[in-house]
Amino acid sequence: MKRFVALFCALVLTLPLFVSCGTRSDDKDSDGKTVLKVAVLESAYGKKMWEDVTAAYEADHPDIKIELTAEKNLEDVIGSKMKSGDYPDVVHLATGREAGLTETMIRENSLADISDILDKEVFGEEGSVKDKLIEGFTETAATNPYDDDKMYMAPMFYGPCGLFYNAGLFAEKNWTVPTTWDEMWELGQKAKAEGIALFTYPTAGYFDSLMFALLCETGGVDFYNECMRYEEGVWESKDAREALDIVAQIASFTEPTTVANANNDNYLKNQQLILDNKALFMPSGTWVVGEMVDAPKSEGFEWGFMALPAIDSESERYSYTYFEQIWVPENAKHKDEAKNFIAYLYTDKAVKIFAQSGAIQPVQGVSEILEGENKLFYSIYDTGAKAVLGGFAATNPVEGVSMTDTLFGTINSIVSGDKTVDEWQDAIKKTSDSLRDALKK
Amino acid sequence: MRKHKGRRAFLAVCTIPALILFGVFMLYPTLNIFIISMYKWGGYSQHREFVGLDNFVKLFSDAKFWQSFQNTVLLIVIVTIVTMTMALLTAAILTREKLRFKGFFRVVFYIPNILSAVVIAAIFSAVYDPSRGLLNTLLSLFTGGHAGQVLWLGDQKVVIYSIAIAMIWQAVGYYMVMYTASMSSVPESMYEAASLEGAGRVRQFFSITIPLIWTNIRTTLTFFIISSINISFLLVRAMTSGGPDGSTEVFLSYMYKQAYTNSSYGYGMAIGVLVFLFSFALSGIINLVTRRESVDL
């Protein structure tokens, strides 16, 4: 009897271990509706817009029930579930995050081909998704990572990247905004005389948009694409060197405390330098305005934004267009419903809901609903700058090798003088060489 | 005989829950790490490719890994020596000397230990701030104005020591309390006898206090070294994200970067295996070199 009691007690103690192990089948809810799992990153735009859009979708599609997960640390929330085989149907999570979930999905061929979304009719409207999207957005490595005609990620919120400055300060000092790099360096000397640095940057990672646009300026769009595909010899070329030299020049004009704060914890202090008139320019995207909305600003502060200065007065100016992606995991249960849902996100109704929170999609006619500062930012391409899209081509993971670290992280060492441009160029070349062999075919 | 058997069975049954927990949460994950370290795998998909010891071979020629290794070892050495010395000294002063506000000092020294790593990182980020931080403002009092601004978190030659200082500040109090506890159990009569023999305070410290609390020092030393590996990761992540340009990368921050950001989960786990073996070996060595004949009272 005693033994029985002891055994029973032991079993009771171990029971809780297994309670949470069981999985629940949740294909359909009790009303027989299909449950679509939508996981989105709760970014600066907030999660209300997602709640509104999913509610609108459910109202228009009575047979679908959406289970929305909107989290700031989305990778932590869905990552562990995905490891155990529980996949969301739709994921809105862009590349370039530290946890690298989207990159891992690309590298592991775990995304579903969603090209047919482009031919779907936009719900309740005339015309297909393809007609509604602004041209060029579905032909880059950011949507077609394997360099073919198949789209694995759909473009969502976009924004131009470039140089941000205090327009009020330029008016006050009677300085003109530089249109070429030579004018930029001249201004640098002028500002230096007044104790203002020419440049700062939030973290070295923010040089991505600057570098991409710069490569287009020094070598043209084809050259940029060669760099993105790690082609042989591109980084030893004159054009690449010119771009690196310009960055080194920027580094020499950079506010001296920038490096110390160029990390995830303190980058706002670098952004504050612009607001305090201690530095003139910084590379960033349109989200910086929302990020610094409550920060103290110098008198007469007004956001200014421009594309990169040109190499000379004859050549083109470029601005990198950043956009977030939405995708469907290959192992999702309801791929067709997921694609319908993504197509719905391009309806006028959804576009309006997103735009109210400041999230702008690359659809025709979006410029008409822009307000305030956004009008200035999104008009950058109307006033002469050319758009650069895409990014590095997808590769299989190469252990210990990261282009982001080599190409952008090293800039901290260029600013602090710990590395030379020659060393930097050499490291980029080596990284590019080892990634070339790992390119996705 | 029957009773004896029943008792054994009873004991076995009682240990089962603990064994299961230990197996599920300790043994299984650890074994799993060893297994995954032999695969090329991104962490999410179903395709894993067995690569044997390939990940380890790559690791040995990975300069960034060695940089993180060096940084970790440097931190362990500096932080351990300084923390242990300071903890022992402050503990000795607080137990042996007639000080006012003893209790107050004990509490103040202990406070950093109850703060989370994020709070500590925020405090030190403010202290190290190049233009408005406590340290540079203090320095400017001596140098007069802005001459020679030190970038505590920006200068690649200084930044690892800045992390070390934060780690020391965080740990001293805890170990001080541990040592105070064991020092107060050393009988007062010993010190009295020693002073009658003419031994000064320093002599008493080295000849009585240290030998009598040696077992405690040994245990805490092993414990401390292992926990340094974890704490350094937390602080580095929150203070510098491994930067500038990898100069504060430590074992675990590099492991995270490889396993997640670089989609090389298998490679990350290979780093994990090395960290595991390294800490195991280090504890073994520490145990060996600190072995003394125990002094019983």
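1. Burial in chain B. In this predicted model, buried residues account for 35% of the 297 residues in chain B.

2. Overall dimensions of chain B. The radius of gyration of chain B is 24 Å, whereas a compact globule of 297 residues would have a value near 19 Å.

3. Among the contacts in chain B with a separation of 6 or more, 71% are between residues 24 or more positions apart.

4. Burial and contacts in chain A. Of the 441 residues in chain A, 46% are buried. For contacts in this chain with a separation of 6 or more, residues 24 or more positions apart account for 76%.

5. Overall dimensions of chain A. The radius of gyration of chain A is 24 Å, which agrees with the value near 22 Å that a compact globule of 441 residues would have. The C-alpha atoms of chain A fill a box of roughly 90 × 60 × 45 Å along the principal axes, and the secondary structure of the chain comes to 18 helices and nine strands.

6. Domain division of chain A. Chain A is divided into two domains, each given as two segments of the sequence: domain 1 takes 24-159 and 322-369, while domain 2 takes 160-321 and 393-436. The C-alpha centres of domain 1 and domain 2 of chain A lie 31 Å apart.

7. Contact between the domains of chain A. Twelve residues from domain 1 of chain A and 16 residues from domain 2 of chain A take part in the contact. On the side of domain 1 of chain A that touches domain 2 of chain A, at least two residues are supplied by each of helix H4 (101-107), strand S4 (153-166) and strand S8 (318-327) of chain A. That side of domain 1 of chain A comprises, by class, eight nonpolar, two polar and two charged residues.

Terms used
Residues numbered from 1 in each chain as written. Chains lettered and ligands numbered in written order. Predicted model: local features only at pLDDT ≥ 70, side-chain atom pairs only at ≥ 80, totals over all residues. Domains from an automatic or database assignment. Contact = placed C-beta atoms within 7 Å. Helix = DSSP H or I, 4+ residues; strand = E, 2+ residues; numbered from the N terminus. Nonpolar A, V, L, I, M, F, W, Y, C, P; charged D, E, K, R; others polar. Rg over C-alpha atoms; globule rule 2.2 N^0.38 Å. Buried ≥ 20, exposed ≤ 12 C-beta atoms within 10 Å, placed from the backbone.
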